[in-house]
Amino acid sequence: MSRSRLFTPITLRNVTARNRIVISPMCQYSADDGVANDWHLVHLGKFAQGGAGIVMTEAVAVSAAGRITHGDLGLWNDGQIAPLKRIAAFLRANGAVPAIQLAHAGRKASMQRPWFGNAALTAQDIARGDKPWAIVAPSAIAMDDGWLMPHELTVPELQGLREDWRRATLRAVEAGFDVLEVHCAHGYLLHEFLSPLSNKRSDAYGGDRAGRMTFPLEIITTVRAAWPSERPLFVRISAVDGVEGGLDMADTLAFVGEAKARGVDVIDCSSGGLMGSATAARIPRGYGFQVPFAEQVRRDAEIATMAVGLILHPQQAEALVVEGKADLVAIGREALFDPNWPLHAELALADTKGEIGDGTFDSWPQQYGWWLERREPGLRKLDGPALPYRKA
Ligand SMILES: Cc1cc2nc3c(=O)[nH]c(=O)nc-3n(C[C@H](O)[C@H](O)[C@H](O)COP(=O)(O)O)c2cc1C
């Protein structure tokens with residue numbers, strides 16, 4: 001099958017992905033004490049079987065206090081490495097680049113699992129065993145009414161956090177990941193430093209834009225130094241806060257320029273999350289609503305970008321890479337709906353060119369493809385309604 005642009009391999013530093021599709025980081029709230037289990041293996045593993053170029057873990061906390069919920073994955077101790085190593089090896093063995101997102105939740109730590117309410121922990125959560133813990137942030141400003149009040153981080157505590165990020169990065173190397181993403185978005189700790197609405201510090205880590213960028217850039221420098229130079233480093237940003245007085249594109253372009261100078265390879269362009277529990281809660285949503293951020297960052301900061309957010313259709317994903325709006329396309333919830341989204345997208349794009357034929361299932365795991373290829377000629381002779389991805 002001839003390759004579309006979406007299905008053209010991409011090389012970043014020494015790492016090559018078979019196509020431009022990334023499974024977006026998605027918390028499963030299903031870990032115990034930060035340790036990955038069979039759920040995480042199967043959840044992530046099926047996306048590798050489903051043809052994605054890069055499969056990224058959920059936000060993995062660099063410290064226990066940096067978890068969003070009790071169910072988050074973590075890499076704050078060595079005992080958490082082995083199950084993640086198994087997952088990374090499975091992803092690689094099934095053709096995907098294993099990627100990990102590292103994170104600290106800041107003032108959005110110690111929350112409920114979404115299906116229990118997606119807000120601050122309640123007496124019912126505590127009765128289930130999920131006790132609140134002390135949370136930290138650049139400034140003592142709570143996320144919202146009824147949320148925990150964070151402790152304002154001291155300068156020595158920031159040093160401790162840099163060490164947490166460094167050690168977690170080394171553990172991610174040990175676990176065998178080939179891409180690392182620093183989570184600087186969605187109202188979590190590093191985003192809280194960047195935004196003037198959550199960072200009211202008067203020391204070197206606050207104040208003007210340069211001051212507010214200081215700590216996130218220190219983390220990027222720390223991670224880059226611990227992460228092998230032949231492996232790419234991504235940073236996920238909230239390109240805009242979408243709230244009066246919050247981050248705008250000028251802030252973002254300044255930050256991206258500094259991140260690029262420190263060895264970041266890809267900017268993953270999300271938005272929002274600073275003032276509401278839902279991601280991008282106050283940004284109007286339509287298909288590909290965050291693509292313009294990826295496009296502007298790519299053009300103005302001259303760095304590779306990843307687009308994310310309501311990218312559902314294969315032609316939509318293909319067009320945005322063909323038109324140079326992004327280098328990578330992240331698929332989130334649509335991959336939950338269809339873990340084989342990349343394999344199906346490849347068929348759909350080929351079908352528009354009328355190229356379904358011999359070798360159609362070459363990209364599929366051979367355990368499946370061998371059978372599907374041989375079923376195809378017989379299917380074409382059957383009467384009945386047209387099936388997706390097949391010509392009559
Ligand atoms: C269940 C779930 C968990 C998520 N967890 C994370 C996460 O750990 N880190 C992150 O940066 N974004 C997270 N997100 C946001 C997604 O990565 C993605 O940016 C968002 O869902 C929009 O893309 P979509 O429209 O393709 O789903 C999560 C989204 C969902 C639905």
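G45 counts as buried, with 20 C-beta neighbours inside 10 Å, where buried means that 20 or more other C-beta atoms lie within 10 Å of a residue's own, exposed that 12 or fewer do, and partly exposed that the number falls in between, the C-beta atoms being placed from the backbone. G45 is found in helix α1; helices (H or I, at least four residues) and strands (E, at least two) are DSSP runs, numbered from the N terminus. Between the C-alpha atoms of G45 and C184, which are 139 residues apart in sequence, the distance in space is 26 Å.

This is a predicted model, in which local features need pLDDT of at least 70 and side-chain atom pairs count only at pLDDT 80 or more, while totals for chains, interfaces and linings use all residues. Residues are numbered from 1 along each chain as its sequence is written.

**Domains**

The protein is divided into domain 1, covering 10-355, and domain 2, covering 357-392, with bounds that come from an automatic or database domain assignment. Taken over C-alpha atoms, the centres of domain 1 and domain 2 are separated by 37 Å.

**The loop between β3 and α1**

The loop between β3 (21-23) and α1 (38-49) is the place of Y29, and D33 is found in the loop between β3 and α1 as well. Y29 is not a glycine, yet its phi is positive, at about 50°; D33, also not a glycine, has a positive phi of about 55°. Y29 is partly exposed, with 19 other C-beta atoms within 10 Å, and D33 counts as partly exposed with 13 C-beta neighbours inside 10 Å.

**Helix α2 and the residue Q80**

Q80 has its place in the loop between β5 (73-74) and α2, and with 22 C-beta neighbours inside 10 Å it counts as buried. Although Q80 and G34 are 46 residues apart in sequence, their C-alpha atoms are 6.9 Å apart in space.

Helix α2 (residues 81-93) has 13 residues and reaches 18 Å from its first C-alpha to its last, close to the 18 Å expected at 1.5 Å a residue, the expected span being 1.5 Å times one less than the number of residues. In α2, the residues I81, L84, I87, A88 and L91 are buried. Seen down the axis of α2, these buried residues fall within an arc of 130°, so they line one face of the helix; the arc is that of the directions from the helix axis to the C-beta atoms.

Helix α6 (residues 209-226) has 18 residues, which at 1.5 Å a residue should span 26 Å, and its end C-alpha atoms are 26 Å apart, which agrees. The buried residues of α6 include F215, P216 and L217.

| Pair | Separation in sequence | C-alpha distance |
|---|---|---|
| Q159 and F215 | 56 residues | 9.8 Å |
| E258 and L217 | 41 residues | 7.5 Å |

**Helix α9**

In helix α9 (residues 314-322), the residues P314, A317, E318, L320 and V321 are buried. Seen down the axis of α9, its buried residues fall within an arc of 165°, so they line one face of the helix. G324 follows α9 and has a positive phi, near 75°.

**The ligand shell**

The ligand is surrounded by 21 residues, of which the closest are S24, P25, A59, G332 and R333; a residue is near a molecule or strand if its C-beta atom, placed from the backbone, lies within 6 Å of it. Both β4 (54-61) and α10 (333-337) supply at least two residues each of the shell around the ligand. By kind, the residues of this shell divide into 9 nonpolar, 8 polar and 4 charged, where Ala, Val, Leu, Ile, Met, Phe, Trp, Tyr, Cys and Pro count as nonpolar, Asp, Glu, Lys and Arg as charged, and the others, Gly among them, as polar.
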